[in-house]
Amino acid sequence: MNNSDYNKAEDAVNKTENSLKNAADNAKWKINDLADKAKDYINEKRNNDEEASQEDWLDRVKANISDAWEDIKDKAGDAWEKTKDLTEDAKDKAANAADDVKDKAKDAAEDVKAEWNKKTN
């Protein structure tokens, strides 16, 4: 595996890290916003002459967190696949390069043997 392959794998990992950070940062409701969202929920219920309940509120929060978690899982899964693919590609390239070297060495040895036979016969 050459430096280019290592650099590509490292870039993929860095992009993945940034992507995961962004997914977490961009979650629909950040923890700091929960108090404001709770107030809005209570006001919404009051305006609709409905009773606000903690259970209903927590269900909304849970659904939002679940959506954010799914986004993060998707990004992490994509990152895993990209990194795995890059690693497999690099491994294949290294194996192919090793086979090429082996074949060239074998050809060179046969050429030397043929020359030797010509000179000694």
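Are Tyr-41 and Trp-57 buried or exposed? I looked up both: Tyr-41 is buried, and Trp-57 is buried as well. Here buried means under 20% relative accessible area, exposed means over 50%, and partly exposed lies in between, with a 1.4 Å probe and protein chains only.

**Ground rules**

I noted that this is a predicted model, where local features need pLDDT of at least 70, side-chain atom pairs count only at pLDDT 80 or more, and totals for chains, interfaces and linings use all residues. Residues are numbered from 1 along each chain as its sequence is written, and side-chain values use heavy atoms, with hydrogens and water left out.

**Confidence**

I checked pLDDT, the predictor's confidence in each residue, from 0 to 100. The chain average is 83, and 90% of the residues score at least 70. Among the elements of the chain, α1 has the lowest mean, 73. Helix α2 (residues 34-47) has the highest, 91. Helices (H or I, at least four residues) and strands (E, at least two) are DSSP runs, numbered from the N terminus.

**The aromatic pair**

Rings of Phe, Tyr and Trp (its six-membered ring) pair if their centres lie within 6.5 Å; planes under 30 degrees apart count as stacked, over 60 as edge-to-face, and the rest as tilted. I found 1 aromatic pair by this rule. The ring centres of Tyr-41 and Trp-57 are 5.7 Å apart and the planes are at 35°, so the pair is tilted. Tyr-41 sits in helix α2 and Trp-57 in helix α3, so the pair ties together parts that are 16 residues apart in sequence.

**Between α2 and α3**

Next I read the loop between α2 and α3, which holds Ala-52. Ala-52 is partly exposed, because its relative accessibility is 33%. Which residues does Ala-52 contact, leaving aside its neighbours within four places in sequence? I listed Tyr-41, Ile-42 and Lys-45. Contact means heavy atoms within 4.5 Å. From C-alpha to C-alpha, Ala-52 and Tyr-41 are 7.5 Å apart in space, and they are 11 residues apart in sequence.

I followed the list to Lys-45, which is in helix α2. Lys-45 has a relative accessible area of 12%, so it counts as buried. Not counting residues up to four places away in sequence, Lys-45 touches Glu-50, Glu-51, Ala-52, Asp-56 and Arg-60.

I then looked up Asp-49, also placed in the loop between α2 and α3. Asp-49 is not a glycine, yet it has a positive phi of about 55°. With a relative accessible area of 75%, Asp-49 is exposed.

Asn-48 is in the loop between α2 and α3 too. Its relative accessibility is 44%, so Asn-48 is partly exposed. Asn-48 and Ser-66 are 18 residues apart in sequence, with 27 Å between their C-alpha atoms.

I picked Ala-90, in helix α3. Ala-90 counts as buried, because its relative accessibility is 2%. The C-alpha atoms of Ala-90 and Ile-65 are 37 Å apart, and the two are 25 residues apart along the chain.

**The largest pocket**

What lines the largest pocket? I wrote down Ala-12, Lys-15, Thr-16, Ser-19, Lys-75, Asp-78, Ala-79 and Lys-82. The elements giving two or more residues to this lining are α1 (3-25) and α3 (54-120). A pocket is an open set of points on a 1 Å grid over the protein atoms alone, where a 1.4 Å probe fits, with protein on both sides within 12 Å along at least five of seven lines; lining residues have an atom within 4 Å of a point.
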